[in-house]
Amino acid sequence: MSDKKLTFKKRLHILKHHYRGKKMAPAFNALHTFLFAPDETTHSGSHVRAADDLKRTMNTVIMALVPVLLFSMFNAGYQHYSAINGFPAEFSLMNDFLTWDNFWIGIIKVLPLVVVSYGVGLLIEFIFAVIKGHEVEEGYLVTGMLVPLIVPIDTPLWMLAVAVVFGVVIGKEVFGGTGMNILNPALTIRAFLFFAYPTWMSGDKVWVYEAVERAGGPDAISGETILGYLAQNKGAEMSYSISDMFFGFIPGSVGETSTFLILLGGLFLIFSKIASWRIMLSAVIGSLVMGLIFNGVVDAGWIGETSKFYGLMSFDFWQHLIVGGLAFGIVYMATDPVTGAQTNRGKWFYGFFIGFLSVMIRVFNPAYPEGVFLAILLMNVFAPTIDHYVVRGNVKRRMKRLKNATILPKDSAGKANELHVETV
């Protein structure tokens, strides 16, 4: 078996050299490097040796997303059958959730979203690589996994394909490809879907499989999300517990429901040094601060129960983190190293405003009671400005220290002048 593998590898190396310099070389090289390590070796000069590269980084993020994907496949079936038959009186993880019937719904609904996302996105990447003559970057490996996890379960596949084309071309390729884009491509795709097809991105039907098809019939079902209930001041009608919210047994976008698994994924990304803990922590603080402000407004009596903002304003400030896409956005979207702030101090400001604005948009946007994706896109635009002022502030402080420095005279032995700088 090893000889066959070796022969196949050698043949690929030979084909790679055959395609070198030709039009389709980038496409073949992408397939080659996906299967095997490149066969080029360095011959001169000094080189930095490191275990991490772009492909390894992207694969690490995908590993952090796999548990969320698997959970979403079971949850798709669980929400479908619970909407039809009612939620079980005594929930059993093995008998009610981890069942083949639930998983089958995930296979027929979630996997096609993943296939379309990767198929269309990588096709666009290959086309641009061939046209421009550059290598196919691995940046879309993560985007292709994120996209199906941030859309409703019943999103039509053709609609997702159109959005992926828009997001990859407008959100990434027009800026020069991976590493050059100023907007997160996955969020660009989600924003396109929201503004182009708003009825498929909000409401009480799109979050549960077959709810759209059954609408208006005798067997109609509803899949209202927690944020949807709160936005309509119907919080008293909810039957979800804190445990349901935290572990993810609730309706929502495909992969955003389980805060528990998202938290584990975030810890894994921090431990592997892929994602910034500063952005995550500051975003959590920002969302808690905004939630506390709204709770204070309600407690002070400045807003009554008849106000359309009352439901979300009165929602306990810390519970904002365990419903909707806030946790998912903070861990997997806000920490994008390309579109986020680059300086350590800038990451604190960047993350704080993402959390702060996310809760604000949730409350003041009754048509779409979710704000994290829009908040991240907004801060993507301001990230370079934040870094600019952080660097400028650092330069000013250093210049001030240099101004206040003391130059000591020659020593008694009359040695050559030396510049001794002591900060005052």
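A residue counts as buried under 20% relative accessible area, as exposed over 50%, and as partly exposed in between. In this predicted model, Ile170 has a relative accessibility of 39% and therefore counts as partly exposed. Ile170 lies in helix H7, residues 157-171.

The largest nonpolar core comprises 103 residues. Leu193, Phe328, Tyr332, Met333 and Tyr350 have the most contacts inside it. Helix H3, residues 54-85, supplies the largest share of this core, with twelve residues. Beyond its sequence neighbours up to four places away, Tyr332 touches Ala64, Leu65, Val68, Leu146, Leu261, Ile262, Gly265 and Leu269.

Four salt bridges were found in a search of the whole structure. One of them pairs Lys172 with Glu125, with the closest N and O atoms 2.3 Å apart. This pair links distant parts of the chain, 47 residues apart. Lys172 sits in the loop between H7 and helix H8 (185-196), whereas Glu125 is in helix H5, residues 100-132. Lys172 is buried at 3% relative accessible area. Glu125 is also buried, at 1%.

Arg214 forms a salt bridge with Glu210, with a closest N and O separation of 3.2 Å. Arg214 has a relative accessible area of 19%, so it is buried. Glu210, at 18%, is buried too. Another bridge joins Arg362 to Glu370, its closest N and O atoms being 3.2 Å apart. Arg362 is buried at 0% relative accessibility, and Glu370 is buried at 8%.

Notes:
Residues are numbered from 1 along each chain as its sequence is written. This is a predicted model: local features need pLDDT of at least 70, side-chain atom pairs count only at pLDDT 80 or more; totals for chains, interfaces and linings use all residues. Side-chain values use heavy atoms; hydrogens and water are left out. A nonpolar core is a set of buried Ala, Val, Leu, Ile, Met, Phe, Trp, Tyr and Cys residues joined through side-chain atoms within 4.5 Å. Buried means under 20% relative accessible area, exposed over 50%, partly exposed in between (1.4 Å probe, protein chains only). Helices (H or I, at least four residues) and strands (E, at least two) are DSSP runs, numbered from the N terminus. Contact means heavy atoms within 4.5 Å. A salt bridge is a side-chain nitrogen of Lys or Arg within 4 Å of a carboxyl oxygen of Asp or Glu.
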